Amino acid sequence: MEKIVSVAAASLLVIGLAPAAHAVRTASDVYADYAELSAHEVEGEDYRRVVRVPGGAKVAHIAIHGGAIEAPTSQLADEAAGRTHAYYAFEGIKGSGNSALHITSTHFDEPKALSVVAGVDYTVSWHAAAGDDATTYVGGRDTTLMKKVTAELRAAGFPVAASVPDEIGGDSPQNIANRNRRGMGVQLEISRGQRERFFDGGKLNRAWIENPANRKKAFYDYVAAVNRALG
């Protein structure tokens with residue numbers, strides 16, 4: 001499910017939020033948390049969890065809205081992780097209706113994801129945003145890494161928005177991107193216009209994006225730019 005962003009609400013303020021006693025369903029989410037989702041959806045039929053943690057990994061690339069929820073975030077995170085960094089994906093694999101599997105980042109508490117993130121120093125959380133123009137919104141709490149990612153993407157020819165709308169700012173301490181050992185991470189919200197440029201024909205359906213033969217050079221150049229920032 002692509003995020004609809006409002007430039008008018010743009011902000012990079014860091015907001016401190018106290019942990020909620022109980023998960024509260026957001027207006028756009030069907031499920032409040034992973035426990036509720038797993039009670040109604042079938043793993044292996046409706047969704048799957050993918051985890052890869054090389055020994056000594058200090059960086060995790062995660063796609064909590066992977067598969068057909070927000071295409072192609074799991075493919076990008078997987079490629080970025082490679083054999084050196086940790087990789088986690090929660091993937092929607094339904095024939096249709098995968099948006100029902102979306103749990104907002106501040107409520108995403110799937111145990112394997114929490115474990116992966118808690119074991120690293122740096123997190124890059126890959127997401128999809130709406131918009132026909134090619135752009136990336138770089139949010140999170142790790143302001144130093146955010147600046148590096150922004151600089152590397154722009155240097156590689158990828159547009160980056162000058163500001164990030166509050167609703168996709170990724171700056172809550174409860175956001176899974178920020179639940180690593182340092183308490184700060186980076187959230188990448190990539191517009192549809194940019195994501196379409198990663199694949200031949202601009203197609204983003206699940207069967208198409210899962211075939212590496214359909215990836216364009218821009219896909220690899222984008223990932224490489226993000227990893228240079230982590231360098």
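Buried means under 20% relative accessible area. The model discussed here is predicted.

Q: What makes helix α2 mostly covered?
A: Of its 9 residues, 7 are buried. They are T73, S74, Q75, L76, A77, A80 and A81. The helix spans residues 73–81 and is followed by G82, whose phi is positive, near 55°.

Q: Which residues of α4 and α7 make the contact?
A: From α4 come L145, K148, V149, E152 and L153. From α7 come Y222, A225, V226, R228, A229 and L230. By class, 8 are nonpolar, 3 are charged and none is polar.

Q: Why is the pair of Y47 and F90 called stacked?
A: The ring centres are 5.0 Å apart, against a limit of 6.5 Å for a pair. The planes meet at 25°, and under 30 degrees counts as stacked, so the label holds.

Q: How do you know that Y47 and F90 are buried?
A: Relative accessibility is 2% for Y47 and 0% for F90. Both values fall under 20%, so both residues count as buried.

Q: What makes the pair of F219 and Y220 edge-to-face?
A: Their planes are 70° apart, and over 60 degrees counts as edge-to-face. The centres are 5.2 Å apart.

Q: Why is Y220 called partly exposed?
A: Its relative accessible area is 34%. That lies between 20% and 50%, so Y220 is partly exposed.

Key
Residues numbered from 1 in each chain as written. Predicted model: local features only at pLDDT ≥ 70, side-chain atom pairs only at ≥ 80, totals over all residues. Heavy atoms only, no water. Buried < 20%, exposed > 50% of the residue type's maximum accessible area, 1.4 Å probe, protein only. Helix = DSSP H or I, 4+ residues; strand = E, 2+ residues; numbered from the N terminus. Contact = heavy atoms within 4.5 Å. Nonpolar A, V, L, I, M, F, W, Y, C, P; charged D, E, K, R; others polar. Phe/Tyr/Trp six-rings, centres within 6.5 Å; stacked < 30°, edge-to-face > 60°.
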